[in-house]
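Please read these notes with the model open beside them. They go point by point, from the chain as a whole to single residues.

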Amino acid sequence: MNQDIENAVSMAISIQKGLDPSGIGPGSALSELGVNSLDAISIMYDIEDRFDIEVPNEMLADLESVRDIVDKLSTLIAARA
């Protein structure tokens with residue numbers, strides 16, 4: 001499941017920022033990808049739709065890398081199951 005989440009996050013970032021998804025990995029820093037807080041919100045909306053979950057706004061505050069997003073989403077999805 002984490003791979004599915006990671007792929008979804010990479011695709012959402014690539015669409016939002018116009019980047020090649022193959023260049024986006026778990027260790028990619030959001031700042032290096034040019035993702036700002038508004039971009040993060042838009043990316044999370046895409047992810048929420050894809051996985052039918054709701055991400056609390058306070059979870060967006062300390063995201064620094066793709067891995068941070070994947071970990072938080074994995075926790076939310078596991079809690080829902």
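1. Of the contacts in the chain with a separation of 6 or more, 57% join residues 24 or more positions apart. Contact here means heavy atoms within 4.5 Å.

2. Basis. This is a predicted model, in which local features need pLDDT of at least 70 and side-chain atom pairs count only at pLDDT 80 or more, while totals for chains, interfaces and linings use all residues. Residues are numbered from 1 along each chain as its sequence is written, and side-chain values use heavy atoms, with hydrogens and water left out.

3. Elements. The chain has three helices and zero strands. From the N terminus on, the order is α-α-α. Both element types are DSSP runs numbered from the N terminus: helices are H or I with at least four residues, strands are E with at least two.

4. Overall dimensions. A compact globule of 81 residues would have a radius of gyration near 12 Å; the chain has 11 Å, which agrees. The radius is taken over C-alpha atoms, and the globule rule is 2.2 Å times the number of residues to the power 0.38. Along the principal axes, the C-alpha atoms fill a box of roughly 30 × 25 × 20 Å.

5. The accessible surface of the chain comes to about 4700 Å². Carbon and sulfur atoms hold 49% of that surface. Areas come from the Shrake-Rupley method with a 1.4 Å probe; for residues, only the protein chains shown count as cover. Buried residues make up 42% of the 81. The classes are buried (under 20% relative accessible area), exposed (over 50%) and partly exposed (in between), with a 1.4 Å probe and protein chains only.

6. Charge. There are 5 positive and 15 negative side chains. The centres of the two sets lie 3 Å apart. Lys and Arg count as positive, Asp and Glu as negative; His and the chain ends are not counted. Each charge is placed at NZ of Lys, CZ of Arg, CG of Asp or CD of Glu.

7. Core. The largest nonpolar core has 24 residues. Val-9, Ile-13, Ile-47, Val-66 and Leu-73 touch the most other members. At least two residues of this core come from each of α1 (2–17), α2 (37–51) and α3 (66–80). A nonpolar core is a set of buried Ala, Val, Leu, Ile, Met, Phe, Trp, Tyr and Cys residues joined through side-chain atoms within 4.5 Å. What does Ile-13 touch, not counting residues up to four places away in sequence? The list is Gly-18, Leu-19, Ile-24, Leu-30, Leu-33, Val-35, Ile-43 and Val-66.

8. Are they buried or exposed? Ser-10 counts as buried because its relative accessibility is 6%. Ser-14 is buried, with a relative accessible area of 6%. Leaving aside neighbours within four places in sequence, Ser-10 is in contact with Pro-21 and Ile-24. On that basis Ser-14 touches Leu-19, Asp-20, Pro-21 and Ile-24.

9. Backbone check at Asp-52. Asp-52 is not a glycine, yet has a positive phi of about 50 degrees. Asp-52 lies in the loop between α2 and α3. At 64% relative accessibility, Asp-52 counts as exposed.

10. Glu-64. This residue also has its place in the loop between α2 and α3. Glu-64 counts as exposed because its relative accessibility is 59%. Neighbours within four places aside, Glu-64 is in contact with Ser-28, Ala-29 and Leu-30. Glu-64 and Glu-32 are 32 residues apart along the chain, and their C-alpha atoms are separated by 9.7 Å.

11. Met-1 is in the segment before α1. At 55% relative accessibility, Met-1 counts as exposed. Neighbours within four places aside, Met-1 is in contact with Phe-51 and Ile-77. Met-1 and Ala-78 are 77 residues apart in sequence and 9.7 Å apart in space, C-alpha to C-alpha.

12. Lys-72. Its place is in helix α3. Lys-72 is partly exposed, with a relative accessible area of 23%. Not counting residues up to four places away, Lys-72 touches Met-59, Asp-62 and Leu-63. Lys-72 and Leu-19 are 53 residues apart in sequence and 23 Å apart in space, C-alpha to C-alpha.
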